[in-house]
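This report looks at a predicted model. Please keep the sequence and the structure in view while reading.

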Amino acid sequence: MSSAYGPQHAPAGDVGAALMLIDSRLRSIHAGTTETDAEQQAMMAQFTESLGPGGAEDVLDGVCTLIYMYMTWLRKAHEDHDKDVIEYVVPTLVASMRMMPKSIRPEAVPTMAGLVIAAGTGLSPSLWRKQYGDWTRAEMTPLEATAFLLAEHINRIADDPNFATQVITDALTRAEDEL
């Protein structure tokens, strides 16, 4: 049965920009840098300003698309071992977010968990979230952290620090080839 919240009804957004943001964060964490330096902050601010309101919304949709794609990959990987992706991914994700109280306020954790559960059950995270209203500024960091944590989870499963980025890059390349 088709759902009004299915991914076929959702905008994909700017997946390339979203992937660049998540990959940049992954690389800095792996390089041992947990804080963004002033130059990186200025570059991100300039990039965000250059997008304008519509472009920022496209990046938001792109991050949600990444979350959907990551959860699709994780669901398939878990199904190969007769395991439920929700049972194995969501508790770890929630525990990780709860250990990040400076970045992720406790009230954002249920929203991000719901977003991931929606994606894990084949629903669009963007459309699922929109039913509760517009994104808030307070949800931006938790949303980025959710995509980051899912990517890092995939990288650990694959034992490759670039695997999650490569999965998306390969999917984008296939999509372009089909056009």
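## Contacts of Met-71

Which residues does Met-71 touch, not counting residues up to four places away in sequence? In this predicted model, Met-71 touches Val-85, Ile-86 and Val-89, together with Val-116, Ala-119, Gly-120 and Leu-150, when residues up to four places away in sequence are not counted.

## The largest nonpolar core

Met-71 is also among the residues with the most contacts inside the largest nonpolar core, a group that includes Leu-66, Ile-67, Tyr-70, Leu-143 and Leu-150 as well. This core has 43 residues, and the elements that give two or more residues to it are α1 (15-30), α2, α3 (85-98), α4 (109-120), α6 (140-158) and α7. The largest share, nine residues, comes from α2.

## Cys-64 in helix α2

Helix α2 spans residues 38-79 and holds Cys-64. Because its relative accessibility is 1%, and buried means under 20%, Cys-64 counts as buried. Leaving out residues up to four places away in sequence, Cys-64 touches Pro-125, Ser-126, Trp-135 and Leu-143. Asp-14 is 50 residues away from Cys-64 in sequence, while the C-alpha to C-alpha separation of the two is 9.9 Å.

## The second largest pocket

The second largest pocket holds about 440 Å³ of space and is lined by 21 residues, with Thr-65, Tyr-68, Met-69, Thr-72 and Ala-171 lying nearest its centre. Two or more lining residues come from each of α2, α5 (125-130) and α7 (163-178), and α2 gives the most, with eight residues. By class, the lining of this pocket has 14 nonpolar, four polar and three charged residues.

Methods
Residues numbered from 1 in each chain as written. Predicted model: local features only at pLDDT ≥ 70, side-chain atom pairs only at ≥ 80, totals over all residues. Heavy atoms only, no water. Helix = DSSP H or I, 4+ residues; strand = E, 2+ residues; numbered from the N terminus. Buried < 20%, exposed > 50% of the residue type's maximum accessible area, 1.4 Å probe, protein only. Contact = heavy atoms within 4.5 Å. 1 Å grid on protein atoms, 1.4 Å probe; cavity = no way out; pocket = protein on both sides within 12 Å on 5 of 7 lines; lining within 4 Å. Points joined across faces, edges and corners; volume = space filled by probe spheres on them. Nonpolar A, V, L, I, M, F, W, Y, C, P; charged D, E, K, R; others polar. Core = buried A, V, L, I, M, F, W, Y, C linked by side-chain atoms within 4.5 Å.
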